Amino acid sequence: MFRDPVQSPEAPPLHPATVAMRPLRVGMIGIGTVGAGTFRVLARNQALIAGRAGRGIEMVVVAARNLARAASVVGTDVALTNDPMLVATHPDVDVVVEVAGGTGPARAWVLAAIAAGKHVVTANKALLATHGNEIFAAARQHGVAVAYEGAVAVSIPIVKALREGLTANRIEWVAGIINGTTNFILSKMRDEGLGFAQALEQAQALGYAEADPTFDIEGVDAAHKISLLAANAFGMPVRFADAQVEGITRLQGLDVACAEQLGYRIKLLGVAKRRVDDGVQGVELRVQPALVPATHLLAHVNGSMNAVMVKGDAAGVTMFYGAGAGSEQTASAVIADLVDVARLDGTHAGQRVPHLGCHAHALDEQLAVLPRAAVFTHHYLRVPVHSAQQIEVVVAWLAAQQVPVLQIQRAHDKNLPSGSGPQVLVLTDRVAQATVDLAVNALAAHPAVAGPVVTLRVEMLEG
Ligand SMILES: NC(=O)c1ccc[n+]([C@@H]2O[C@H](COP(=O)([O-])OP(=O)(O)OC[C@H]3O[C@@H](n4cnc5c(N)ncnc54)[C@H](OP(=O)(O)O)[C@@H]3O)[C@@H](O)[C@H]2O)c1
């Protein structure tokens, strides 16, 4: 298809200098949402992309299960197969684009492509979060690139920003809204006062959530992404297995309303923070619904949009905003990776941008993820009490505890969704999770307390 520009009326012909270079030959595994978008954008912007890459980018072979559907996307000039392994090892392919998804077979295809000396571009965050360390090691051994901008925040080039633009910085933290489905649901809960289940139904009806939304709503998708970001930010291996992951399925509309009363909004945040305080050395790596001040930029990232903030010691705080999913939005990242590969093909591996931003010998293998108990943040507590009189009993009890209280609000029925009952709302100073857990356990047994005490983290994310 890309061999004959006349076939695409929108695409001007390639420059003769570009035609003189051998094109980068692509084999693609999967031609669904991302694959089809990649094909379309490559075709539409063919000459532009070739001019930037210095050579043409030519689709040679595509693997899919439903070949008729695949043919309706790629036409007749591209070979089709049911066998992804054939693409992974195809002798006419320089780079394998894996956009099929999943972890088991995808791992085998990607490792086979690497062993066959092919570069790999993937948008598969689940694959890299679970098998990234093995895949990057194999790629180093075989001197090929594995590029994965599409696996993190798609239209937002955050991997490139961390590995290249911010490479001078000691990164202190990376945090962001990196799952569009949950951000859409949380926006609906806040704006329309919906419960979680209703907001999820709307997200599914509008195509913002998949039929099985588990990975999104349980925070797993965001954890895949923040694990990759942490590895790039801190020069450490991918530590997805150690991340603390909490989704939004247990979040109550009442807490969205109470946060609002306190001047905060609840967002599902991925946070990776380097800690070198109080004798603690390590990284906090976590996904959780958290309160952010209503005046904070992240509080204004709504609907399905994503945003990532990075704090570096030299650059200070930077923020990146854009669509975190979508066909051509992800294609934008996949093709950027293909252009990088087109430019680097033939260079020595040691001269390229390393997979995780620093060269293998400099990766900090010892940098560990801190346990949950050691996580140190501000906290929100909501304590339901039996009657308005008992609000003061709980306030007095809290004053005698180790928890450093910054703000207490007495919330009566009339300010809250109907039937909520009186509540004590507490914002704490920064305190270890272990201290909060102790206080919450003790509160649970207090006779004034009418139900489970809710705790959420509060993230100030200051410069
Ligand atoms: N969608 C997004 O917005 C987005 C954003 C960022 C990253 N991603 C990632 O990109 C990847 C692809 O996502 P997607 O949304 O494009 O998925 P999708 O629409 O379900 O497409 C998957 C494609 O892979 C093919 N496929 C799956 N298993 C196969 C097998 N065993 N053999 C041959 N073909 C196979 C499917 O073929 P058939 O159609 O013939 O069954 C389909 O063409 C995933 O890793 C996802 O996490 C997606």
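Predicted model: local features only at pLDDT ≥ 70, side-chain atom pairs only at ≥ 80, totals over all residues.
**View 1**

**View 2. The contact between domain 2 and domain 3.** The domain assignment of the protein gives domain 1 as 5–154 + 328–362, domain 2 as 159–323 and domain 3 as 375–458. The centres of domain 2 and domain 3, taken over C-alpha atoms, are separated by 24 Å, and the contact takes 15 residues from domain 2 and 16 residues from domain 3. On the side of domain 2 that touches domain 3, the elements that give two or more residues are α13 (253–262) and β10 (282–293), and of these α13 gives the most, with 8 residues. The residues on that side of domain 2 divide into 9 nonpolar, 3 polar and 3 charged.

**View 3. A153 and its contacts.** A153 lies in the loop between β6 (146–147) and α8 (158–165), and this residue counts as buried because 33 C-beta neighbours lie inside 10 Å, where 20 or more are required. Leaving aside residues up to four places away in sequence, A153 touches I158, I178, K225, N306, V308 and G324. A153 and N179 are 26 residues apart in sequence, while in space their C-alpha atoms are 8.4 Å apart.

**View 4. The backbone at V154.** V154 lies in the loop between β6 and α8, and its phi is near 40°, a positive value in a residue other than glycine. Most residues other than glycine have a negative phi. V154 counts as buried because it has 27 C-beta neighbours inside 10 Å.

**View 5. The backbone at L461.** L461 is placed in the segment after β17 (454–458), and its phi, near 45°, is a positive value in a residue other than glycine. L461 has 20 other C-beta atoms within 10 Å and is therefore buried, given that the class requires 20 or more such atoms.

Notes:
Residues numbered from 1 in each chain as written. Domains from an automatic or database assignment. Contact = placed C-beta atoms within 7 Å. Helix = DSSP H or I, 4+ residues; strand = E, 2+ residues; numbered from the N terminus. Nonpolar A, V, L, I, M, F, W, Y, C, P; charged D, E, K, R; others polar. Buried ≥ 20, exposed ≤ 12 C-beta atoms within 10 Å, placed from the backbone.
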